[in-house]
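Reader: I would like to learn how to read this structure. Please take me through it feature by feature.

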Amino acid sequence: MNAEIIIALISLIGTLGGSLGGILVSSKMTNYRLQQLENRVAEHNNFAKRMPVIEEQIKVINHRLEDLEHEN
């Protein structure tokens with residue numbers, strides 16, 4: 001085989017290896033960032049579920065304060 005063909009094949013293998021490696025790293029980073037985003041969304045959803053409960057507790061506290069103010 002010619003030296004040029006051997007060099008071209010080695011270059012091809014290097015290029016393919018580098019491209020595949022870059023794709024894998026990029027895919028891992030994308031998956032990591034998606035997981036972090038899912039965690040944030042889950043945290044927000046938990047907060048959104050608790051807010052109505054807190055609002056109801058504030059209403060009860062306000063009514064109790066009004067009752068105490070009317071007693072004095």
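Author: Helices (H or I, at least four residues) and strands (E, at least two) are DSSP runs, numbered from the N terminus. M1 lies in the segment before helix 1 (3-71). The model is predicted: local features need pLDDT of at least 70, side-chain atom pairs count only at pLDDT 80 or more, and totals for chains, interfaces and linings use all residues. Residues are numbered from 1 along each chain as its sequence is written, and side-chain values use heavy atoms, with hydrogens and water left out.

Reader: How many helices and strands does the protein have?

Author: The protein has one helix and zero strands. Its radius of gyration, taken over C-alpha atoms, is 31 Å, well over the 11 Å that the globule rule (2.2 Å times the number of residues to the power 0.38) gives for 72 residues, so the protein is more spread out than a compact globule.

Reader: Is M1 buried or exposed?

Author: Buried means under 20% relative accessible area, exposed over 50%, and partly exposed in between (1.4 Å probe, protein chains only). M1 is exposed because its relative accessible area is 79%. K28, at 64%, also counts as exposed. Of the 72 residues of the protein, 0% count as buried.
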